[in-house]
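Reader: I would like to go through the charged pairs and the surface of this model with you, step by step.

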Amino acid sequence: FFAAMTIVERLMSEGLGTYMLVFTVGCNVLGGSPMFAALSIAAALMVSIYALGAVSGGHFNPAVSFTMGTKGHEAWVDMGMYMGVQIFAGLLAAFSYAMIFERTFNLIPGTGFGWVEAGTVETIYTFLLVFAVLNTAATEGYGRAKANNQVYGIAIGFSVVAGGFAAGWISGGCFNPAIAVAIDVSSAMKGVGWCVVYIAFELIGAVLAYLAFMTVRPSEGVEHGAFWSGLVSRLPPRLVAEFLGTFILVVTVGLNVLQGSGNKAAPLSISAALMVMVYCLGDVSGAHFNPAVTVAALLRGADGLTGGDAVGYIFAQCFGGAAGSLTYTAVVGKAFALGPAPGYGWASVMLAESVFTFLLCFVVLSVATLRTGSLSNMFGFAIGFALFVGIVAVGGVSGAALNPAVALAIDASHAIKGGSVWACLPYALAEIIGGAAAALVFAATRGSELGTSESKPLPS
């Protein structure tokens with residue numbers, strides 16, 4: 001793919017992209033708006049990927065280059081040079097922002113957190129970033145060689161939106177060894193050494209992303225022989241995909257909510273997590289991550305989905321959500337309750353949940369399951385922002401779960417901390433009603449689309 005590019009051009013590309021990324025990080029931390037910092041950093045990554053991806057692949061992150069070398073996508077010699085240039089460019093950027101602001105900031109976990117908590121979130125969101133790279137830019141079916149693929153930059157950039165707002169208060173939100181080294185070394189007078197811990201967890205996240213990628217896309221793991229083929233045969237890719245997507249969604253929900261009411265970016269972070277995983281796994285399982293969406297898809301007759309498939313999907317989603325809630329509870333040390341906000345009753349909650357779950361499910365059916373006319377690049381954006389609409393609109397009424405797996409997960413973690421576990425039932429009922437209504441309205445508005453039973457994944 002890069003045959004026309006010399007190694008010098010590729011290294012210059014990686015250096016420039018990493019410099020701009022780290023420089024943007026520093027300028028936001030030292031002088032930017034806390035509310036928009038993660039979005040600014042994510043945008044710097046996204047635009048650099050679109051500008052330079054055709055030159056070098058747009059890694060700008062040693063964890064990504066390490067994964068590409070492991071995958072065999074690129075030569076290890078080249079990836080070693082990539083990583084060296086990325087580290088150097090990051091250091092140069094760090095000293096550049098230090099010159100502007102005449103001060104630096106230290107790499108250290110947030111107040112009240114230690115290396116375990118910081119390492120956990122660095123692992124999770126480095127996983128998300130690398131997983132986005134692998135699934136949207138480095139696979140044959142949906143990769144960079146496909147001429148009409150324009151989603152890779154959005155998916156990769158918005159992984160930083162999801163993680164930056166969700167985990168920034170715990171670890172600082174690096175997800176990139178070049179960023180960790182740059183911050184740590186440039187602030188050496190305040191203490192140095194945390195970058196080693198961060199890098200270790202970020203590389204663990206990258207390895208886990210690679211293993212998950214091969215599991216949901218078995219053809220990508222053929223070269224790893226009989227052991228991997230046997231393991232994959234016992235881990236159905238579609239169910240693993242539904243587990244992973246729901247896990248990432250619920251972890252992001254929990255980490256955002258537990259920051260408190262001062263976190264105004266929670267709707268964007270949560271929606272970004274859904275968007276990224278839809279782009280990553282849409283052509284594997286349909287990327288439901290929500291029992292209400294699965295019910296809607298079953299009633300609509302989408303994706304060749306059978307009743308048995310739907311049951312498997314829902315179990316995988318509920319287990320993924322439960323794992324996500326246990327994770328955020330373990331990291332933060334507390335949980336939160338599901339229920340009506342002060343001043344509202346259960347009738348208000350159920351109406352709010354059913355209407356905006358209807359919207360989410362109807363958008364999924366309308367942009368991602370059509371035999372002709374499905375959105376080829378913007379389906380994930382539409383689905384993610386359908387969730388954003390609901391969270392902003394009724395988050396202050398019901399909390400805007402809009403997903404029975406999310407409701408169950410919140411209740412489960414709250415029960416562990418001594419709370420009740422029944423609130424998820426009326427939420428789930430309202431959400432399933434919303435999903436079923438979406439299928440009925442879809443049938444009424446798109447009658448020509450009914451009756452298909454072929455397997456039809458999201459467009460790639």
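Reader: Which residues are linked in a network of salt bridges?

Author: The model is a predicted one, and a search of the whole structure finds four salt bridges in it. One of them joins Asp-78 to Arg-10, with the closest N and O atoms 3.5 Å apart. This pair links distant parts of the chain, since Asp-78 is in helix α4 and Arg-10 in helix α1, 68 residues apart. The network of salt bridges to which both belong is made up of Arg-10, Glu-74 and Asp-78.

Reader: Is Arg-217, which forms a salt bridge with Asp-283, buried or exposed?

Author: In the salt bridge between Arg-217 and Asp-283, the closest N and O atoms are 2.8 Å apart. Arg-217 lies in the loop between α8 and α9, whereas Asp-283 lies in helix α11, so the pair ties together parts that are 66 residues apart in sequence. Because buried means under 20% relative accessible area, Arg-217, at 8% relative accessibility, counts as buried.

Reader: How many residues apart in sequence are the parts that Asp-309 and Arg-238 tie together?

Author: The side chains of Asp-309 and Arg-238 meet in a salt bridge, at 3.4 Å from N to O. Asp-309 lies in helix α13 and Arg-238 in helix α10, so the parts tied together are separated in sequence by 71 residues.

How values were computed
Residues numbered from 1 in each chain as written. Predicted model: local features only at pLDDT ≥ 70, side-chain atom pairs only at ≥ 80, totals over all residues. Heavy atoms only, no water. Helix = DSSP H or I, 4+ residues; strand = E, 2+ residues; numbered from the N terminus. Buried < 20%, exposed > 50% of the residue type's maximum accessible area, 1.4 Å probe, protein only.
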